[in-house]
Amino acid sequence: MNYEIIGITVLWIFLYGYLIVASVDFGAGFFAYYAKKTKKDHIMNKLISRYLSPVWEITNVFFVFFFVGLVGFFPDAAYYYGTALLVPGSIAIILLAIRGSFYAFENYGSKQSDVYMFLYGATGLLIPASLSVALTISEGGFIDVVDGNVQLLVKELFFSPYSWSVVFLAIVSVLFISATFLSFYANRAGDTSALKIVRNYALFWSIPTIIASLTTFIALSRHNPRHYNNMIDLWWMFGLSVACFMIALLCIYFKRNYGMAFIAVMLQFFFAFFGYGKAHLPYLLDPYITIHEGATHEAMGLALVIAFIAGLLLLIPSLILIMKMFLFDADYVKGKK
């Protein structure tokens, strides 16, 4: 295995970590706002706040690692994606800034603001929608290069069925992942009132998640047949993803093993995400950048591989420590600390 494969694998692990951790965060924001509008915030929002307080500051660590690594391993990606994603990327950064300001006002402000609560809920859906544009563009057909200048084909992107299917999938996946985790968290806290609500959320958003996945799969077959055929060759990974989804759904439906349900959801997205990524290779941006032609030179690549593996080995124990101290501490989860 050469350093390009190792590099993109490590980066994909960071992106998967961001997918899971950020989805719980983004979905919790939407559910917090929805609970407030439906007069259930007195049941829901203490539970959500106990989760977010120790976690929100580390959510974007995975995101930063991925993009720094992507530019380091594959310098051409900075040029193509940097130009094409100037507008959607700027929107995502603004939304992240708005979300960060909510955390500051929520934790250090004297009173809650309805406006900030609305922005908190809205950004929970808008951020994954804006970030999903990068995956859409990577399939090709949305970028034109004229005299060395990269141009985003906005009209094609806006009217593409595949583009909107990815946006829909990003939003419903965030809500499903978050609801599944909050079900586990509420059950561990012994909060039966909150558990009843978030369990219903998890069951409700499970169906749109499967529908969105199938819709995206069909749309991809028309937009990028090469990638679609490669995914068909990896049918077993997507089969395992569906099997994990069924395990999670059964656990939640029968009101038992919520921890196993969330692990199954993580595995569901793990198999689907890595199946998608493997089938996309060798392209990072079809047809302009491949992992071989767009990679940095070997010495730099090996140094980056070592640095990012070391970073991953430091990050994982840190997350485990935070979970042990806060998320899985019985007294903290139950609000006694």
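Colleague: Is Phe271 buried or exposed?
Modeller: Keep in mind that this is a predicted model. The relative accessible area of Phe271 is 17%. Buried means under 20%, so Phe271 counts as buried.

Colleague: And which class does Phe270 fall into?
Modeller: Phe270 has a relative accessibility of 31%. The buried class is under 20% and the exposed class is over 50%, with partly exposed in between. Phe270 therefore counts as partly exposed.

Colleague: How many aromatic pairs does a search of the whole structure find, and what kind of pair do Phe270 and Phe271 form?
Modeller: The search finds 22 aromatic pairs. For Phe270 and Phe271, the distance is 5.6 Å centre to centre, and the planes are at 80°. Planes over 60 degrees apart count as edge-to-face, so the pair of Phe270 and Phe271 is edge-to-face.

Colleague: What about the rings of Phe30 and Phe31?
Modeller: Their centres are 5.9 Å apart. Phe31 is also buried, with a relative accessible area of 0%. Since the planes of Phe30 and Phe31 are at 65°, this pair is edge-to-face.

Colleague: Which residues do ring pairs link into a cluster?
Modeller: Phe270 and Phe271, the edge-to-face pair, both belong to it. The cluster as listed is Trp12, Tyr16, Phe270, Phe271, Phe273 and Phe274.

Colleague: Let's turn to helices. How are H11 and H12 arranged relative to each other?
Modeller: Helix H11 covers residues 235-253 and helix H12 covers residues 258-280. Their axes come within 8 Å and cross at roughly 160°, and the crossing is left-handed. Angles over 145 degrees count as roughly antiparallel, so H11 and H12 are roughly antiparallel.

Colleague: By class, what residues make the contact of H11 with H12?
Modeller: The H11 side includes Phe238, Leu240 and Ile247, while the H12 side includes Val265, Phe271 and Phe274. Ser241 of H11 and Gln268 of H12 also take part. By class, the contact has 19 nonpolar, 3 polar and no charged residues.

Colleague: How do H3 and H4 lie relative to each other?
Modeller: The axes of H3 (residues 59-73) and H4 (residues 75-84) come within 4 Å. Leu70, Val71, Gly72 and Phe73 in H3 meet Pro75, Ala77 and Ala78 in H4. The axes cross at roughly 115°, and angles of 65 to 115 degrees count as roughly perpendicular, so H3 and H4 are roughly perpendicular.

Colleague: Which residues does Ser183 touch, not counting residues up to four places away in sequence?
Modeller: Ser183 sits in helix H8, residues 161-189. Ser183 is buried because its relative accessible area is 0%. The residues Ser183 touches are Leu195, Val198, Arg199, Ala202 and Tyr258.

Colleague: What distance separates the C-alpha atoms of Val21 and Phe62?
Modeller: Val21 belongs to helix H1, residues 3-37, and is buried at 17% relative accessible area. Val21 and Phe62 are 41 residues apart along the chain. Their C-alpha atoms are separated by 8.8 Å.

Colleague: Finally, what percentage of the residues in the chain is buried?
Modeller: The secondary structure comes to 14 helices and 4 strands. Among contacts between residues at least 6 apart in sequence, 79% join residues at least 24 apart. Of the 337 residues in the chain, the buried share is 49%.

Key. Residues are numbered from 1 along each chain as its sequence is written. This is a predicted model: local features need pLDDT of at least 70, side-chain atom pairs count only at pLDDT 80 or more; totals for chains, interfaces and linings use all residues. Side-chain values use heavy atoms; hydrogens and water are left out. Helices (H or I, at least four residues) and strands (E, at least two) are DSSP runs, numbered from the N terminus. Buried means under 20% relative accessible area, exposed over 50%, partly exposed in between (1.4 Å probe, protein chains only). Contact means heavy atoms within 4.5 Å. Rings of Phe, Tyr and Trp (its six-membered ring) pair if their centres lie within 6.5 Å; planes under 30 degrees apart count as stacked, over 60 as edge-to-face and the rest as tilted. Axes are lines fitted to C-alpha atoms, for helices over the stretch in contact, and angles run from 0 to 180 degrees between N-to-C directions. Angles under 35 degrees count as roughly parallel, over 145 as roughly antiparallel, 65 to 115 as roughly perpendicular and the rest as oblique. A crossing is left-handed if the near helix is turned anticlockwise from the far one by less than a right angle, and right-handed if clockwise. Ala, Val, Leu, Ile, Met, Phe, Trp, Tyr, Cys and Pro count as nonpolar, Asp, Glu, Lys and Arg as charged, and the others, Gly among them, as polar.
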